[in-house]
Amino acid sequence: MTVVLQRFATFFLLACLVSGCGKRPPTNTPVQNTPKPDEDPRVDVNEVTFQYFKAKAKITYTDAAANQTANVDLRMKRDSLIWMSIGKLGVEGARVLITRDSAYVIDRINNSYEVYDFRALGRRFNFNLSFDIIQAAVLGNLPVSKDSRDKLRVMKDKEYYLLRQKQDSVTIDNYVSIDNLKLRKALFVEPATNNSLTLDYENFALINDVLFPFNSNISLQYKSAQGIYNTLVTIQYTRADLADKELRFPFTPPARRKNDKK
């Protein structure tokens, strides 16, 4: 169980989170017709705003070597902290704390932990990883900053707005439903390597009068010297709450520590 939980925790950092072998076709996939440019370049996307967020979810991790399910307790403080407790059958196997620049993963069973630097992970996978992208992936918000949205190229078909953006060498396609202005799919592609990260959202329901996606599919395909890797994480939330009340983020690293991943 430990290896699977560590893999999930690491993969979630790639935002995360969440296409290759083992991927099931996303529900309500955007139509394949090429959208036409829209007359109005501004789309007021319906996003989740919050101070504190907490949720419980069941996750399934799939890659070439594993197909496992675990439970997650998730807490967030806006633009600051993301905390996860990942376990199975009532036993915690991993605990994760994500800050603005790094992520820390405790291996409970082996009493050790690892440190991940976003810049190093970004260089490894040719994606510009950040806390903001992970936060947006959890909530189903646009994975781009407010300041850059005016630079998005907007196209439109019968069901979706397509908001296309270039971020460094990565192309980001955001499919936003015309009906409720919620993000339904975000696709990151690095053309030089064809590495890709896909986030699919479905099963929207109200929490605190805000639409939230209770099902997410996060998939990653990337090339390395060893070959092409495909990983899929599906997330099914059983509970989600938005609040102004302060949450706790308990995280105490064990005495024994693995080498930092820098």
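**View 1. Strands β8 and β9 pair in the antiparallel sense, joined by 4 bridges.** Strand β8 covers residues 153-156 and β9 covers residues 160-167; helices (H or I, at least four residues) and strands (E, at least two) are DSSP runs, numbered from the N terminus, and two strands count as paired if DSSP finds at least two bridges between them. This is a predicted model, in which local features need pLDDT of at least 70 and side-chain atom pairs count only at pLDDT 80 or more, while totals for chains, interfaces and linings use all residues. Residues are numbered from 1 along each chain as its sequence is written, and side-chain values use heavy atoms, with hydrogens and water left out. Within this pairing R153 stands opposite R164 of β9, and the two strands are connected as a hairpin through 3 residues.

**View 2. Strand β9 also pairs with β10, again in the antiparallel sense, over 8 bridges.** The bridge partner of Y160 in β10 is S177, and the hairpin that β9 and β10 form has 2 residues between the strands, with D168 in the turn taking a positive phi of about 55°.

View 3. Rings of Phe, Tyr and Trp (its six-membered ring) pair if their centres lie within 6.5 Å, and planes under 30 degrees apart count as stacked, over 60 as edge-to-face and the rest as tilted. By this rule the count comes to 6 aromatic pairs. The ring centres of Y160 and Y175 are 6.2 Å apart and the planes stand at 90°, so this pair is edge-to-face.

**View 4. Ring pairs join F50, F53, F212, F214 and Y237 into a cluster.** F53, F212 and Y237 are also among the residues with the most contacts inside the largest nonpolar core, which has 56 residues; such a core is a set of buried Ala, Val, Leu, Ile, Met, Phe, Trp, Tyr and Cys residues joined through side-chain atoms within 4.5 Å. Apart from this core lies another, of 9 residues, among them W83, Y113, V115 and L247.

**View 5. Helix α3 (residues 131-139) contains Q135.** Since 8 of the 9 residues of α3 are buried, the helix is largely enclosed by the rest of the structure. Q135 itself is buried, with a relative accessible area of 8%, and the side chain of Q135 reaches the backbone nitrogen of D79 at 2.8 Å. Not counting residues up to four places away in sequence, Q135 touches F50, M76, K77, R78, D79 and I82, where contact means heavy atoms within 4.5 Å. Just after α3, G140 takes a positive phi of about 80°.

Definitions and conventions
Buried < 20%, exposed > 50% of the residue type's maximum accessible area, 1.4 Å probe, protein only. Polar contact = N/O pair within 3.5 Å; in protein donor to acceptor, adjacent residues only side chain to side chain.
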